[in-house]
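Here is a short briefing on one protein chain. Keep the sequence and the 3D view open as you read.

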Amino acid sequence: MLTKSSPLIKKILVGNPGWEWLPILITRVSLGLFFSVSGYNKLFIPERHADLINLMNEIGVPFHEFMAFFLASVEFFGGLLLMVGLLSTLVAVVLSIVMIVAIITVEIESVIPKDIGPLDWMSWFLYLPQVLYIILFIWLIITGPGKFSLDNLIASKLGIHRIK
């Protein structure tokens, strides 16, 4: 019989915290890989770099050539840091800001149809991949980079332990 002390009921209702490291690791490495590849393409593939410069020029970003290089570098190096779990919280904050700027400057204007109702607008907005990235970054900021990260290794060496 299933009772409130049943292990199955407990797992169904509250999960298994012993395995929380796995989704944290998968999320952190996946996001890091995505951003490092995206940044790499924008830095080292001439056509992609030129496209980014043109986009930044079109939307009126000042110093668009420098900003294209800066953005691509943030994505590339931030992604690498995220993959290994070094400065993960800082990287998640910076990449969240990058995603917010992308949503405001490009996505809302070019993806979401004009003259739609608020619920349709919200549906389109939540469908943007950048919104999901921001949600995942917020989750990583709150949970931390997980036990398989350089941040955790450094924290352990400093005697810092996660607050439960």
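Where is the kink in H5 centred? The kink is centred on Ile 103 and is about 45°. The bend at a residue is the angle between axes fitted to the seven residues ending there and the seven starting there. This is a predicted model: local features need pLDDT of at least 70, side-chain atom pairs count only at pLDDT 80 or more, and totals for chains, interfaces and linings use all residues. Residues are numbered from 1 along each chain as its sequence is written, and side-chain values use heavy atoms, with hydrogens and water left out.

**Helix H5**

- H5 covers residues 88–110, which makes 23 residues. Helices here are DSSP runs (H or I, at least four residues), numbered from the N terminus.
- At 1.5 Å a residue, H5 should span 33 Å. The expected span is 1.5 Å times one less than the number of residues. The end C-alpha atoms of H5 are 31 Å apart, which agrees.
- Buried residues of H5 include Val 91, Leu 95, Met 99, Ala 102, Ile 103 and Val 106. Buried means under 20% relative accessible area, exposed over 50%, and partly exposed in between (1.4 Å probe, protein chains only).
- Ser 88, Ser 96 and Glu 107 are also among the buried residues of H5.
- An α-helix has 3.6 residues a turn, so residues three or four places apart point the same way.
- The buried residues of H5 pack against H2, H3, H4, H6, H7 and H8.

**Where H2 meets H3**

- The axes of H2 and H3 come within 5 Å and cross at roughly 90°. Axes are lines fitted to C-alpha atoms, for helices over the stretch in contact, and angles run from 0 to 180 degrees between N-to-C directions.
- H2 is therefore roughly perpendicular to H3; that term covers 65 to 115 degrees.
- H2 contributes Asn 41, Lys 42, Leu 43 and Phe 44 to the contact (heavy atoms within 4.5 Å). H3 contributes Pro 46, Arg 48, His 49 and Leu 52.
- These contact residues divide into 4 nonpolar, 2 polar and 2 charged.

**Loops with positive phi**

- Most residues other than glycine have a negative phi.
- Phe 63, in the loop between H3 and H4, has a positive phi of about 50°. Phe 63 is exposed, at 68% relative accessible area.
- Leu 87 sits in the loop between H4 and H5, and its phi is near 55°. Leu 87 is partly exposed, at 46%.

**Before H1**

- Lys 4 lies in the segment before H1. Lys 4 is exposed, with a relative accessible area of 84%.

Conventions: Helices (H or I, at least four residues) and strands (E, at least two) are DSSP runs, numbered from the N terminus. Angles under 35 degrees count as roughly parallel, over 145 as roughly antiparallel, 65 to 115 as roughly perpendicular and the rest as oblique. Ala, Val, Leu, Ile, Met, Phe, Trp, Tyr, Cys and Pro count as nonpolar, Asp, Glu, Lys and Arg as charged, and the others, Gly among them, as polar.
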